[in-house]
Amino acid sequence: MSGNDYLKFMTEQIVSYIDLPPEERKKKHNEKKSNKIIANRWFGILPFAYRTWRKKG
């Protein structure tokens, strides 16, 4: 991806976000925030793998 393509993509993303009404933005943000487990977000699959390994053992 060239620099111009990346800039075009980022501009489209920003404009689409700005065009959303504030209620939609808050709703989208809250959905995204509630679906994440903090340990998985920070450390990836490792906490899940560790928990699975402990349950089997």
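A residue counts as buried under 20% relative accessible area, as exposed over 50%, and as partly exposed in between, with a 1.4 Å probe and protein chains only. By that scale Y50, at 47% relative accessibility, is partly exposed, whereas W53, with a relative accessible area of 57%, is exposed.

The model is predicted, and local features need pLDDT of at least 70, side-chain atom pairs count only at pLDDT 80 or more, and totals for chains, interfaces and linings use all residues. Residues are numbered from 1 along each chain as its sequence is written, and side-chain values use heavy atoms, with hydrogens and water left out.

The protein chain has four helices and zero strands, in the order α-α-α-α from the N terminus on; helices here are DSSP runs of H or I with at least four residues, strands are runs of E with at least two, and both are numbered from the N terminus. Of the 57 residues in the protein chain, 2% are buried. The accessible surface, taken with the Shrake-Rupley method and a 1.4 Å probe, comes to about 5900 Å², and 61% of it belongs to carbon and sulfur atoms.

One aromatic pair is found in a search of the whole structure. The ring centres of Y50 and W53 lie 6.1 Å apart with the planes at 40°, so this pair is tilted; rings of Phe, Tyr and Trp (its six-membered ring) pair if their centres lie within 6.5 Å, with planes under 30 degrees apart called stacked, over 60 edge-to-face and the rest tilted. Both residues belong to helix α4 (residues 46-56), three residues apart, or about one turn of the helix.

| Residue | Relative accessible area | Class |
|---|---|---|
| Y50 | 47% | partly exposed |
| W53 | 57% | exposed |

The largest pocket holds about 220 Å³ of space, a pocket being an open set of points on a 1 Å grid with protein on both sides within 12 Å along at least five of seven lines, and lining residues having an atom within 4 Å of a point. Its lining consists of Q13, S16, Y17, L20, R25, K28, H29 and K32. Helices α1 (3-19) and α2 (22-34) each supply at least two of the lining residues, and α2 gives the largest share, four residues. R25 lies over the face of Y17, at 5.4 Å from the ring centre, where the criterion is CZ of Arg within 6 Å of the ring centre and within 35 degrees of the ring normal.

Conventions: 1 Å grid on protein atoms, 1.4 Å probe; cavity = no way out; pocket = protein on both sides within 12 Å on 5 of 7 lines; lining within 4 Å. Points joined across faces, edges and corners; volume = space filled by probe spheres on them.
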